[in-house]
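Hello,

Here is the structure I promised to pass on. Please look it over before reading my notes below.

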Amino acid sequence: MKIKLESLQHQLDALRAINDNFYGVDASNNSSSAGDLFSNPLLVNRYNDDANIDIKMETGTGKTYVYTRMMYELHQKYGLFKFVIAVPSPSIKEGTRSFIDSDYARQHFSEFYENTKIELNVINSGDFRSQSGRRNFPVQLSEFVESTRQNINQIEVLLVNAGMLHSKSMSRDDYDQTLLGGETSPIKAIAATRPVVIIDEPHRFPRGKKFYEDIEAMKPQRIVRFGATFPEVVSGRGQNRLIKSDYYRGEPQFDLNAVESFNQGLVKGIDVDYPDMTDKQASNLYKVKSVRAKELVLTEKGNDHTVGVGENLAAVDEDFSGNITYDGGPQHELSNGLSLSKDMKLIPGTFSESYQDEIISEALDRHFDAEQKNFMRTGSEENSPKIKTLTLFFIDSISSFRGEGKGKGWLAEHFEKLLSSKLNALIKVFENPKGKRESEYREFLKATLRSLKSRHQDVYAGYFSEDRGSSDKDVEAEVDDILRNKEKLLSFRDENGSWITRRFLFSKWTLREGWDNPNVFVIAKLRTSGSEISKIQEVGRGLRLPVDETGHRVGQNEWASRLSFLVGYDEQEFAEKLVGEINDDTNVKISTTMLTDSMIDALIKNTMRGGKKLTSADLVNDLGSRGVIDFSHRFTNEAVVNGVKMPGYDAFVHLYPEATQNVQLASGHVRDVKKNKENIRIRLVKPNWNQLRNLWLQLSHRQMVVYDEDVNKKAEIIAKKLFKNKDLFVYKRPQIIHKEIKMAERASLAETSYDYISKYVTMSYGTFLKQLTTGTGLPVNLLNNLMVEAMDKYLHGDTNLINDDTLQNLIKEFNRQFSSVIIEHYHYEKLTFGASTSIFDFQKNDFVDSVPANILGVYSSDAIDDPKYLYERPPLRFDSTNPELQLLKRTYGNEVKVFGKLPKQAIKIPRYDFGTTTPDFIFVIKRKSGDIVYLVVETKADNMRLGDKEIHLIQEKYFNTLKEKGVYYQMATSEEEVEQKIRWLGETEK
């Protein structure tokens, strides 16, 4: 596959802005002297900040393309041929080099600038090493400086990062050779070429700071800055303190901000997701009170905990798992690579391997959701080119991935296990492929599984800064492919027709900037980045719109591509912060209290009313006459629009929706998945549901759990046995470890530990008895009598045994034993009244029109439409791949009239232990005799938990009461079990 660049309108607009603000060549001062052969022509208004240009473009919109094409344009129009590109870091330098030197970029630009090429000279840190005792200039520098105008079809470009530019090697003047016949300092030699300097990521080169002074030392005639963010300047103090971006000429000459980029569909939309935690886990929060090179102080609920260098955080809280120590140093790092700063919050539970497994598993689910859509191109024209799907993991430790020596780290092993499981499940889903594309996808999955077992690097790979200089050839090949072989990553097959299965990448933030690949659809952060860096920057690696297998860019109008961004619970507000950043990235700030001049200017800029351009006077008069604003342009408390009362600001937006376009982020571009699940609804196919009407009239009638007469007697017997079990009564006492370091023989250090036991932790008897009654449902009098007897006969009156641990032991053991008994000693009785459920409105005697997607399933998958299905589709909603998704995707015979997944609380079968339950699937089946029967299915995995088995017994007991109505029940762990039951029901006469 070869990437094919396109000229996009917003990029052409940026080039036009540069041309409009470029004042051209100063013809009166240019000569053809020998010295001028090595330098750019003199420009009008040269060496003047007022002539410099700022181009603001959001991450992912193609600023590298624009400044590369700008060099071709300025060479063609003005004969400029010496350009310096200054970037902040080696990683960005590598990304820029990769683009400019790529075959696809050279081929694209050759279509517009025939016979012209860029000669890219890259300076790296090792290029200035002396050879044979002589200190010479790097060849790249010499070629850039000493090339002449005589080669009219060549543009000389010098690419250098800030650290290299600031190094002593660039400013010293004791080299053993000269440039341009006399210059002995690299920076002065560059200055002699009168370059045009391009600054990439200008916020890293603030004016007045060292790196900008290095730019000035090159004496550029003109500076053109390209970036999504620019340096900030602060003026005033206190309430008058003002922070604003530091632009040349006071504003960017082209401004494609974040709001416009998202609203215009120039970048992917974003879905943010994170794993849930229990309230107890989430509240277990530690805050960095202070952090120094040799000491870390954490505070939790007013208690301070000091951690020295080399000490384990598990000593503070055992939930800090993974053998994490404080390494300290200037970066204040933990051993897992997390850099700490004051006031940073740490949740111990997010450090566990199981928690990171949860993020990995969710990321793989999101990956395969996207991959199936991109491979099948559902909703696109038949035979549309496929799109390769990539997932990027940011991790905190290279050792967790690479391991030691030739082995794998625990993270890689866990990843392989999770990936292998999901691949096997998906291969089974597509066991009976429908059409060529599904068959091809199954082969792709099988090839991936084979590669994973034989050579895992063909499926997933990593790139870390520590990889530089690695002697491992496999690691070197991984790094080279990730950094430089973009087209291979985007391809499905190699030159021999074999599958290219690599699509999972791991990095320790090394790929956060510079590197880009348009087909990253999932980014998962297994650890917080540890600093308040830009949220837009964090998602930046996945913002670019994808390319298909033919190399063509796929626009948002053709394909609603979205980036799934997974973070930890400690960053659950990521979506809100990201939206805030996007909305802040505009010069127009929306006020909900007053119509400001900037809001008026932004609105009238491109707004038409009555066939003519809207003026500020027209706008103010209209809003004033409607009572939306007062004489001082403040929004009124209430206005009336089309007979509806609303606040003045709401009325303003209603009348002029253009007011927030390209000023605020439109709804849906950035979504918090957990908070938005309730908003997605799935419509019912009413004709299909009506085939279930007779059954549902039965199900909508409530049923009551009736216990056998002797059940209370059985509960009392269990309770009496419990209170005779002395093992359930325990002491609760915190333990303090006191460590002394003593001098032993031969001056070595010996460590001695002493345990000091504090007072027992107890609770009041009244509280203990009340909570025990609540937890067991037993009468308080019975429990009191049993407790008094136990204290007298077995516990020697020791009140230290009355504590929370004893309480939980008694409750847990009673419920376990009682459940095993009661499950056989109750039955259902039908009541005379009915009630509404999630699927049926009893008052209206009809099914609902739609249900929230999340009560059908937490995951989604596209599928072809099936007229028998109970809901409009795609997408399908499910909770497990096996067997739920398999049941949803398979094709059923003529005996099945309709089928589908049941929403949660669709039936509300009462449970003997309180609460309700609803099975997963329902099928309407027509027998050979013509009779209609119903099959209700509960799906579970092979390794059912104890609770799953109990639910099975509850549902079975309930549906046995409906057998006379033609209702059959099945617990299934595979689609084959359901298929066999359907076949049996269809072939049975009655």
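How many bridges join strand S1 to S9? Three, and the two strands run parallel. S1 covers residues 53-57. Within this pair, isoleucine 55 stands opposite phenylalanine 254 of S9. Please keep in mind that this is a predicted model.

Now the whole sheet. It is open and has seven strands, in the order S3-S4-S2-S5-S6-S1-S9. The pairing is parallel. Strand S3 (117-122) and strand S9 (254-256) are the edges, and each pairs on one side only. From one strand to the next, the twist averages 20°.

Next, the helices on the sheet. Helix H1 (residues 9-20) lies across S1, S9 and strand S6 (222-227). H1 runs at about 170° to S1. Helix H9 (residues 210-217) also packs on the sheet. H9 touches strand S2 (82-87), strand S5 (196-200) and S6. The direction of H9 makes about 160° with that of S5.

Last, two residues to check in the loops. Asparagine 115 sits between helix H4 (103-110) and S3. Its phi is near 65°, a positive value in a residue other than glycine. Arginine 194 sits in the loop between helix H8 (186-191) and S5. Arginine 194 is not a glycine either, yet has a positive phi of about 50°.

Arginine 194 has 13% relative accessibility, so it counts as buried; the cut-off for buried is under 20%.

Best wishes

Definitions and conventions: Residues numbered from 1 in each chain as written. Predicted model: local features only at pLDDT ≥ 70, side-chain atom pairs only at ≥ 80, totals over all residues. Heavy atoms only, no water. Pairing = 2+ DSSP bridges. Helix = DSSP H or I, 4+ residues; strand = E, 2+ residues; numbered from the N terminus. Axes fitted to C-alpha atoms, helices over the stretch in contact; angles between N-to-C directions. Contact = heavy atoms within 4.5 Å. Buried < 20%, exposed > 50% of the residue type's maximum accessible area, 1.4 Å probe, protein only.
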